[in-house]
Amino acid sequence: MNIMSWLQLPIYIGVLLILVKPLGSYMARVYQGERTFLSPVIAPIERFMLKIAGVKSNVEMTWKTYALTVLLFNLVGFFFLYLLLRFQQFLPLNPQALGSISPQLAFNTAVSFVTNTNWQSYSGETTMSYLSQALGLSVQNFLSAATGMAVLIALIQGLTGHSTNRLGNFWVDLIRSVLYILLPLSIILALLLVAQGVVQSFQPAIISQTVDQTSGVVSQTIPLGPAASQIAIKQLGTNGGGFYNVNSAHPFENPTPFSNFLEMLAILLIPAALTYTFGKMVGDTRQGWALLAAMTIILMLMISVTISAESQGNPVFTSMSVDQSGGNMEGKEVRFGVVNSSIWATVTASSSNGSVNTMLDSFSPLGGLVPMWMILLGEVVFGGVGSGLYGMLAFVVIAVFVAGLMVGRTPEYLGKKIGIHEMKMAVLIVLIPVITVLFGTAIALTSSRGTATIFNAGPQGFSEVLYAFASAGNNNGSAFAGLGVNTDFYNITLGIAMLFARYALIVPILAMAGSLAQKKIVPASSGTMPTYTLLFIGWLIGVIIIVGALSFLPALALGPIVQQLMMGAGRLF
Amino acid sequence: MKIQLRPLFGVFTLLVLITGVFYPLTVTGFAQLLFPYQANGSLISVNGQVVGSELIGQDFSGPQYFGGRPSATSVHPYNAYDQASLTGSAGSNLGPLSKELVKKVEERIKLLKTFDPNNENLIPIDLVTSSASGLDPNISVSAAYYQVPRIARERGLDESTLLSLVDQYTETRQFGILGEPRVNVLLINLALDGIKIK
């Protein structure tokens with residue numbers, strides 16, 4: 001593998017880190033209601049919206065009101081999307097005259113987009129009308145991302161609140177997330193992507209003549225659609241649902257190496273910058289940098305493993321007269337090659353984005369293990385917008401608590417004593433995805449309906465099912481896509497897994513925020529463990545990896561690990 | 001705990017209008033104004049007839065053309081969209097230890113050898129493995145070089161002419177750093193037929 005290819009990794013991480021502070025401090029100003037350079041344009045719209053909708057923006061909510069408002073808002077979003085999908089055949093902007101969507105698929109898809117998972121049981125270009133894409137899926141890309149950001153802001157309110165039971169106002173946090181952050185960034189990114197060749201048109205598909213008609217195929221139908229606007233927010237909002245079946249591997253979603261770079265940057269941009277926003281809002285930016293450092297270290301290590309694994313080529317082909325210096329190219333695109341495919345796969349898995357520019361099912365066993373394991377860590381290494389950081393903060397609570405036990409001191413974080421209630425909530429947040437993934441996989445594998453649509457034989461087939469529940473049970477959305485998932489069984493079980501992963505976490509997060517807000521902030525003393533040192537960063541990484549490894553090693557051993565060993569032995573399936 | 005319904009439906013409706021109507025229409029407007037070629041599919045026309053998109057690969061099975069990546073789309077290779085069967089872009093999803101994958105790679109090697117029995121060079125891997133999208137418009141530069149002797153013979157051309165054509169149609173790393181060097185199969189084949197697009 002040549003050095004120029006590898007160099008793309010430090011450049012990518014470098015540009016990302018440079019953008020953390022400017023965007024992070026901008027977001028902190030937005031959420032604290034301070035003036036920003038966009039305020040002259042957006043503030044009047046914000047005030048108008050609050051007035052029309054009858055929001056009393058100065059009335060703060062308790063954690064219970066906040067949580068119930070989040071749930072109801074998401075419920076309205078679910079029904080709107082479900083009905084839009086069910087009735088798309090009667091609605092306009094459907095130039096290919098695509099038909100109705102079954103109740104099971106509409107349920108799965110609506111849940112998937114409302115929960116920021118963007119698992120796709122369907123193929124975009126052959127299922128979704130332009131209206132369903134733009135007014136349905138794209139809208140939920142914005143709203144699910146903004147929901148995650150609002151919940152994070154509520155948790156920060158809890159950490160900074162002083163003997164209060166108020167966590168801010170959901171409507172204000174939500175509207176600000178969309179108007180000041182997601183929308184302007186999306187417009188810029190969408191236009192940059194169009195400049196690279198991503199399509200943005202409401203015209204029907206084009207029928208083209210083919211140049212070489214030797215095979216008897218004389219025409220090719222080229223699908224169009226409002227793709228750029230959807231792809232911009234799908235990456236920025238860590239949603240990941242593709243406009244076309246093969247997601248960001250499709251040349252119209254991701255035509256050039258530069259579009260690929262921009263999209264990868266967009267995936268991690270907001271989750272990374274939110275760590276700075278967090279530091280700023282809690283009044284100590286070192287706290288944010290420490291979390292970012294822990295995330296970046298884990299990510300860089302894992303990306304390096306994936307690149308090394310994928311650049312090896314497939315040992316099965318070594319006896320044939322092929323030159324494998326290109327690496328494992330089955331399921332990869334030439335313009336991205338092994339390096340960009342591997343970076344993307346690791347990034348998309350760690351960030352709960354789930355879009356792909358390569359087919360993960362065709363990855364080498366070790367190369368496929370990394371994204372799977374990154375998801376299984378609970379989507380806290382960057383993670384989804386908002387949701388990644390609130391999940392990470394649950395791990396911080398656990399890390400602080402365990403460290404406190406070891407030295408025999410009352411654990412505290414940012415001046416708040418961590419009590420039994422916070423610990424219970426943090427453990428729930430960590431355990432619920434673990435249980436969802438393992439039980440879901442077990443149910444699917446013991447049911448004939450679950451095993452009927454497995455595509456690859458051997459341990460790879462097991463990996464397909466484990467990956468599906470890992471993905472749904474952590475709101476990621478990527479897949480070992482060989483598994484046939486547009487069945488009643490998978491549409492319903494994975495739909496339920498996605499609901500658990502999202503809402504069974506949001507409620508304990510807000511409960512924890514509510515109880516933290518009521519505590520006094522005690523000034524740091526000599527007995528306080530600082531949570532921004534290298535030691536703490538290392539400790540936090542250790543806790544995340546130990547919990548992740550202990551929960552899933554047995555399951556992973558049955559899939560990718562045994563497969564890696566069998567590959568060495570030359571076994572085929 | 002008091003939940004008010006007016007903000008619930010009011011905020012939802014307003015945000016749907018902004019993100020689902022205003023946003024896509026604004027982006028479409030600017031895209032059509034600033035980048036009409038890209039926004040409409042980067043289409044290539046010859047004498048008023050659309051012959052493809054610069055970004056979407058086509059099936060070149062005639063030995064006189066540069067062949068592209070194997071494609072795993074259903075119905076036929078490089079099927080970007082088929083109204084009748086509702087199929088389109090797709091990868092093979094075959095795992096690394098799949099017998100089916102090994103069989104397919106062997107068949108592809110055999111087919112390349114049939115048209116070019118004297119070529120002793122190793123076959124670049126991207127020429128015998130299927131792409132992620134099934135629509136990959138590119139092959140690696142070495143995959144283009146590999147095919148030069150066959151095309152020279154089929155067309156009665158000098159190999160040196162073809163080699164310089166490959167060099168001319170090689171896209172380097174973007175900004176000197178991003179992506180992998182590659183050749184656009186449709187564009188170089190149009191050039192072979194004497195049609196210059198770029």
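**Notebook: chains A and B**

I began with a bridge between the chains: Asp323(A) has Pro124(B), in strand 5 of chain B, as its bridge partner. I take strands as DSSP runs of E with at least two residues and helices as runs of H or I with at least four, numbered from the N terminus. The strands concerned are strand 3 (residues 322-323) of chain A and strand 5 (residues 123-124) of chain B, which run parallel and are joined by two bridges. I count two strands as paired if DSSP finds at least two bridges between them.

Before going on, I noted that this is a predicted model, in which local features need pLDDT of at least 70, side-chain atom pairs count only at pLDDT 80 or more, and totals for chains, interfaces and linings use all residues. Residues are numbered from 1 along each chain as its sequence is written, while chains are lettered from A and ligands numbered from 1 in the order in which they are written.

**Entry: the contact between the chains**

I looked up how many residues the contact takes: 115 residues come from chain A and 94 residues from chain B. Contact here requires C-beta atoms, placed from the backbone, to lie within 7 Å. On the side of chain B that touches chain A, helix 1 (residues 5-34) of chain B gives the most, with 19 residues. I sorted that side of chain B into 49 nonpolar, 34 polar and 11 charged residues. In this sorting Ala, Val, Leu, Ile, Met, Phe, Trp, Tyr, Cys and Pro are nonpolar, Asp, Glu, Lys and Arg are charged, and the others, Gly among them, are polar.

**Entry: chain B**

I found chain B divided into domain 1 (1-40) and domain 2 (42-192); the bounds come from an automatic or database domain assignment. Taken over C-alpha atoms, the centres of the two domains of chain B are separated by 39 Å.

I then followed the strands of chain B. Strand 1 (residues 43-46) and strand 2 (residues 49-53) of chain B pair in the antiparallel sense over four bridges. Ile44(B) has Gly52(B) as its bridge partner in strand 2 of chain B. The two strands form a hairpin with two residues between them, and Asn47(B) in the turn has a positive phi of about 50°.

Further along I found an open sheet of three strands in chain B, in the order 6-8-7 with antiparallel pairing. Strand 6 (138-139) and strand 7 (170-171) of chain B are the edge strands, each pairing on one side only. Strand 6 of chain B is joined by two bridges to strand 8 (residues 182-184) of chain B; one partner pair is Asn138(B) with Asn184(B).

**Entry: two bent helices of chain A**

I checked helix 2 (residues 8-31) of chain A, which has 24 residues and reaches 34 Å between its first and last C-alpha, close to the 34 Å expected at 1.5 Å a residue. The expected span is 1.5 Å times one less than the number of residues. Helix 2 of chain A bends by about 35° at Val20(A), and Pro22(A) follows within four residues. I take the bend as the angle between axes fitted to the seven residues ending at a residue and the seven starting there.

The buried residues of helix 2 of chain A include Tyr12(A), Leu16(A), Val20(A) and Tyr31(A). Buried means 20 or more other C-beta atoms within 10 Å of the residue's own, exposed means 12 or fewer, and partly exposed lies in between, with C-beta atoms placed from the backbone. The buried residues of helix 2 of chain A pack against several helices of chain A, among them helix 7 and helix 8. Just after helix 2 of chain A, Gly33(A) takes a positive phi of about 75°.

Helix 8 (residues 170-196) of chain A has 27 residues and should span 39 Å; I found its end C-alpha atoms 37 Å apart, which agrees. A bend of about 35° falls at Leu182(A) in helix 8 of chain A, with Pro184(A) following within four residues.

**Entry: single residues of chain A**

Ile153(A), in helix 7 (residues 130-160) of chain A, is buried, with 30 other C-beta atoms within 10 Å. Not counting residues up to four places away in sequence, Ile153(A) touches Tyr31(A), Gly168(A) and Asp173(A).

I also looked up Val114(A), in helix 5 (residues 103-114) of chain A. Val114(A) and Leu499(A) are 385 residues apart in sequence and 9.1 Å apart in space, C-alpha to C-alpha.

Notes: Contact = placed C-beta atoms within 7 Å.
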